[in-house]
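Please look over the structure shown below.

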Amino acid sequence: MKNYLYDGYLKTFIYRDVGKMLNISSDDFLNRPRYEIERILQITNEINEKKIKSTEDSMKELEKVTQKPLE
């Protein structure tokens, strides 16, 4: 079970780029208690979702502005 959690946390750390977001190494991340790791992943996921939504909203607004009127 421990290796299963370790592998999952490590893959998530890499995939979500948690190290870059928090400026921590994978060892620093994985050496934390499980509840901290879970909370870090939850918070970074929320931030990523907000960034994606913000980018999508910006793209929609840009499309509205750049659309040419029909003649």
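**Nonpolar core**

In this predicted model, the largest nonpolar core has nine residues: Tyr9, Phe13, Val18, Ile24, Phe29, Leu30, Ile37, Ile40 and Leu41. Such a core is a set of buried Ala, Val, Leu, Ile, Met, Phe, Trp, Tyr and Cys residues joined through side-chain atoms within 4.5 Å. Buried means under 20% relative accessible area, exposed means over 50%, and partly exposed lies in between (1.4 Å probe, protein chains only).

- Helix H1 (2-15), helix H3 (26-30) and H4 each give at least two residues to this core.
- H4 supplies the largest share of the core, three residues.
- In soluble globular proteins, nonpolar side chains tend to be buried together.
- Ile37, a member of the core, is in contact (heavy atoms within 4.5 Å) with Tyr9, Phe29, Leu30 and Arg32, leaving aside neighbours within four places in sequence.

**Basis of the values**

- Residues are numbered from 1 along each chain as its sequence is written, and side-chain values use heavy atoms, with hydrogens and water left out.
- Because the model is predicted, local features need pLDDT of at least 70 and side-chain atom pairs count only at pLDDT 80 or more, while totals for chains, interfaces and linings use all residues.

**Overall form**

- The chain has four helices and zero strands, where helices (H or I, at least four residues) and strands (E, at least two) are DSSP runs numbered from the N terminus.
- Read along the sequence, the pattern is α-α-α-α.
- The chain is more spread out than a compact globule, because its radius of gyration is 18 Å, well over the 11 Å that the globule rule gives for 71 residues.
- That radius is taken over C-alpha atoms, and the globule rule is 2.2 Å times the number of residues to the power 0.38.
- The C-alpha trace spans about 65 × 20 × 15 Å along its principal axes.
- Of the 71 residues in the chain, 17% are buried.
- Among contacts between residues at least 6 apart in sequence, 37% join residues at least 24 apart.
- The chain exposes about 6300 Å², with carbon and sulfur atoms supplying 54% of it; accessible areas come from the Shrake-Rupley method with a 1.4 Å probe, and for residues only the protein chains shown count as cover.

**Thr44 in helix H4**

- Thr44 lies in helix H4 (residues 34-66) and has 2% relative accessibility, so it counts as buried.
- A polar atom of the Thr44 side chain lies 3.2 Å from the backbone oxygen of Leu41. A polar contact is a pair of N or O atoms within 3.5 Å; within protein, one must be able to donate a hydrogen and the other to accept it, and residues adjacent in sequence count only if both atoms are side-chain atoms.
- Not counting residues up to four places away in sequence, Thr44 touches Val18, Met21 and Leu22.

**Loop residues**

- Asp17 is found in the loop between H1 and H2, and is partly exposed at a relative accessible area of 37%.
- Although Asp17 is not a glycine, it has a positive phi of about 60 degrees.
- Asn23 sits in the loop between H2 and H3 and counts as exposed, with 70% relative accessibility.
- Asn23 has a positive phi of about 55 degrees, and it is not a glycine.
- Ser25 lies in the loop between helix H2 (18-22) and H3, and is partly exposed, with a relative accessible area of 33%.
- A polar atom of the Ser25 side chain lies 3.1 Å from the backbone nitrogen of Asp28.
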